[in-house]
Amino acid sequence: MPTLRISNFGSALLLLAVLTTFMACAPKKSPPVPMDLAQESIIPIPMSVKATNSSFELTSATDIYVQGDSKELLKIGQYLADKLNPSTGLGIAVKSSSQAPGAGNIYLSLNKDGLLGNEGYSLDITPEGVHLEAKSPAGLFMGVQTIRQLLPAEVESSSKQEGPWRMASGTIQDIPTYAVRGAMFDVARHFFSVEDTKRFIDLIAAYKMNTMHLHLSDDQGWRIEIKSWPKLAEHGGKTQVGGGKGGYYTQEQYKDIVQYALDRYITIIPEIDMPGHTNAALAAYPELNCDGKARELYTGTEVGFSTLCTKNEITYKFIDDVIRELAAMTPGPFIHIGGDESHVTKKEDYIPFVNRVQGIVLSHGKQAIGWDEIALGTLKKGAFVQHWADVDNAVNAVKQGSKVLMSPARKAYMDMQYDSTTQWGLHWAAYIEVDSAYIWDPGTLVPGVAQKDVLGIEAPLWSETVDQIEEVEYMVFPRLPGYAEIGWSAASARNWDGYKKRLGAHGPRFTAMGINYYPSKLVDWKEEKGKKN
Ligand code: TNX
């Protein structure tokens with residue numbers, strides 16, 4: 001028996017030696033080839049996906065062809081190439097073509113006859129190539145976001161990564177549920193640079209959002225240059241919450257942001273909050289106060305103490321000038337007039353005020369949108385109400401024939417903390433974990449507001465507690481992809497269990513995009529945060 005034992009030990013050693021040698025020489029395991037389009041983690045989930053169980057590979061021979069020589073289509077092609085080239089290093093070029101290109105390429109074309117709506121698209125992937133088709137350029141842009149998500153997460157990296165760069169084959173037909181899908185960025189409580197604002201735009205574009213609401217004025221700061229009232233920005237923009245240096249966008253910078261957004265099919269909704277939330281303006285111009293005395297600049301976080309003097313004509317001259325200048329540099333259809341928390345404006349003054357201001361917006365060729373309190377007034381044709389708190393106001397808006405933009409604070413406020421341990425944020429409306437943020441439906445949340453009455457969904461990021469873009473990212477991600485899905489995908493196609501798996505697969509994507517996200521324990525992240533898989 002002892003002999004046998006020795007020989008057993010000997011063969012075990014031999015096996016170990018053989019195995020070690022084999023493992024050292026074996027080629028590095030390459031990633032699995034994506035073969036099943038139906039298993040891909042696309043957010044927002046598309047309307048229909050049919051897998052054909054093979055794959056397409058991007059190679060150094062791949063180029064992007066766009067139909068015809070339209071500058072707009074070439075620009076979309078270039079946007080895609082600029083996303084793919086840094087990480088793949090494949091040197092993908094953008095070319096125009098009158099017909100579908102040969103094998104190995106990506107082709108973007110318009111099809112006016114499809115039932116794809118303004119933002120819908122259809123994507124056909126075969127081993128021979130990728131064909132993205134839409135009725136309008138906006139649809140192509142949305143489809144490009146899907147192409148990004150079908151490639152390995154590392155494609156999002158800004159430095160060269162190892163391939164291969166394959167995507168599963170099949171077809172996708174996709175069309176959004178709601179016309180407006182957006183996020184709000186409060187640059188008034190803390191000022192954020194043009195660069196930060198562009199980063200915000202890039203991140204929401206990746207999830208097919210099409211609207212960014214900029215909260216440009218509040219008690220703590222006025223953030224947009226108005227040439228006819230220069231002290232608004234010069235004085236009113238001087239500080240921020242906590243007493244930092246504040247800042248404002250020049251008109252040139254604002255136009256640059258608007259164009260950057262437009263190039264990503266995102267409409268900017270600029271907001272001038274009034275008659276409350278106006279301390280910065282009241283500090284800049286004494287004549288806007290009923291007592292004619294300028295207020296001190298404010299760096300706290302209380303709300304509801306300020307009001308424009310609604311009885312003075314100069315107030316309306318001021319609003320007319322501000323909205324005229326803002327409308328002239330805003331191609332989108334909306335101007336947001338705020339209207340929330342005007343606690344020191346008497347109701348009998350508030351109502352004629354919001355009625356008159358809606359008229360001013362219309363006179364400059366725009367549609368007014370306001371926080372839900374404006375439904376206390378008489379809503380003018382084309383006015384929209386943004387529901388954040390009071391369901392009676394939302395229902396009242398619908399009764400008046402207006403559509404509602406859904407931003408319920410207890411579900412959609414991205415400045416709400418995830419839980420009691422979250423470093424930034426507030427919790428006056430709720431703690432909003434990633435599941436709670438996702439599990440609701442804008443078409444049924446408020447009895448009396450049906451899906452047909454809903455313009456869309458917007459998730460606001462108030463900035464009292466955040467002053468760095470990394471902090472903003474932490475509050476926004478990973479909730480934002482969920483809001484994007486609520487706005488884009490049919491309620492019947494959404495469920496938390498399926499969504500959380502797809503969201504978990506976006507962890508490596510967030511990392512490759514350099515996003516500082518909150519690694520919620522409710523989600524099984526495909527990577528440990530901070531570690532590359
Ligand atoms: C309420 S929402 C506000 C904002 C605050 C926010 C903080 C709304 C229309 N008004 O002024 O920044 O809460 O969560």
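Predicted model: local features only at pLDDT ≥ 70, side-chain atom pairs only at ≥ 80, totals over all residues.
Figure 1. The ligand has 13 residues around it, and the closest are Arg-189, Tyr-413, Asp-415, Trp-428 and Glu-464. For Arg-189, a polar side-chain atom sits 2.7 Å from a ligand oxygen. Trp-428 brings a side-chain N or O atom to 2.8 Å from an oxygen atom of the ligand. With Glu-464, the distance from a side-chain N or O atom to a ligand oxygen is 2.6 Å.

**Figure 2. Strand β8 and the two strands it pairs with, β17 and β9.** Take β8, residues 180–186: seven of its seven residues are buried, so the strand is largely enclosed by the rest of the structure. Val-180, Gly-182, Met-184 and Asp-186 point one way, while Arg-181, Ala-183 and Phe-185 point the other, and all of them are buried. Strand β17 (residues 454–461) runs parallel to β8, and six bridges connect the two. Strand β9 (residues 211–215) is also parallel to β8, joined by five bridges. Ala-183 is a handy landmark here: its bridge partner in β17 is Ala-459, and in β9 it is Met-212.

**Figure 3. An open, mixed sheet of seven strands.** Reading across the sheet, the order is β1-β7-β5-β6-β4-β2-β3. β1 (48–58) and β3 (94–97) are the edge strands; each has a single partner, so one side of each has no neighbour in the sheet. On average, neighbouring strands are turned by 25 degrees against each other, direction ignored. Inside the sheet, β2 (residues 64–67) and β4 (residues 105–110) run parallel and are joined by three bridges. Look for Tyr-65, which stands opposite Tyr-107 in β4. Helix α2 (residues 71–88) lies across β1, β2, β3, β4 and β7, and runs at about 170 degrees to β2.

**Figure 4. The disulfide between Cys-290 and Cys-309.** The count for this model is one disulfide. The sulfur atoms of Cys-290 and Cys-309 are 2.0 Å apart. The torsion about their S-S bond is about 90 degrees, so this disulfide is right-handed. Both cysteines belong to the loop between α7 (279–284) and α8 (313–328), 19 residues apart. Which of the two is buried, and which is exposed? Cys-290 counts as exposed, at 60% relative accessibility. Cys-309 is buried, with a relative accessible area of 2%.

**Figure 5. Ala-327 in helix α8.** This alanine has a relative accessibility of 9%, so Ala-327 counts as buried. Leaving out residues up to four places away in sequence, Ala-327 touches Ile-335, His-364 and Lys-366. For a sense of scale, Trp-222 is 105 residues from Ala-327 in sequence, and their C-alpha atoms are 17 Å apart.

**Figure 6. Helix α10, from start to finish.** At the start of α10, a side-chain oxygen of Asp-390 comes to within 2.8 Å of the backbone nitrogen of Asp-392. Which residues of α10 (residues 391–399) are buried? They are Asn-393, Ala-394, Val-395, Ala-397 and Val-398. Their cover includes β15 (384–387) and β16 (403–406). After the helix comes Gly-401, with a positive phi near 90 degrees.

Figure 7. Most residues other than glycine have a negative phi, and most peptide bonds are trans. The bond from Ile-43 to Pro-44 is cis, with omega near -5 degrees, and Pro-44 sits in the loop between α1 (2–25) and β1. The bond from Gly-163 to Pro-164 is cis too, with omega near -5 degrees; Pro-164 is in the loop between α3 (137–150) and β7. Lys-208 is not a glycine, yet its phi is positive, about 65 degrees. You'll find Lys-208 in the loop between α4 (194–205) and β9, where it counts as buried at 1% relative accessibility. Glu-341, again not a glycine, has a positive phi of about 45 degrees. Glu-341 is in the loop between β13 (334–338) and α9 (347–363), and at 16% relative accessibility it counts as buried.

Notes. Residues numbered from 1 in each chain as written. Heavy atoms only, no water. Disulfide = S-S within 2.5 Å. Helix = DSSP H or I, 4+ residues; strand = E, 2+ residues; numbered from the N terminus. Buried < 20%, exposed > 50% of the residue type's maximum accessible area, 1.4 Å probe, protein only. Pairing = 2+ DSSP bridges. Axes fitted to C-alpha atoms, helices over the stretch in contact; angles between N-to-C directions. Contact = heavy atoms within 4.5 Å. Near = heavy atom within 4 Å. Polar contact = N/O pair within 3.5 Å; in protein donor to acceptor, adjacent residues only side chain to side chain.
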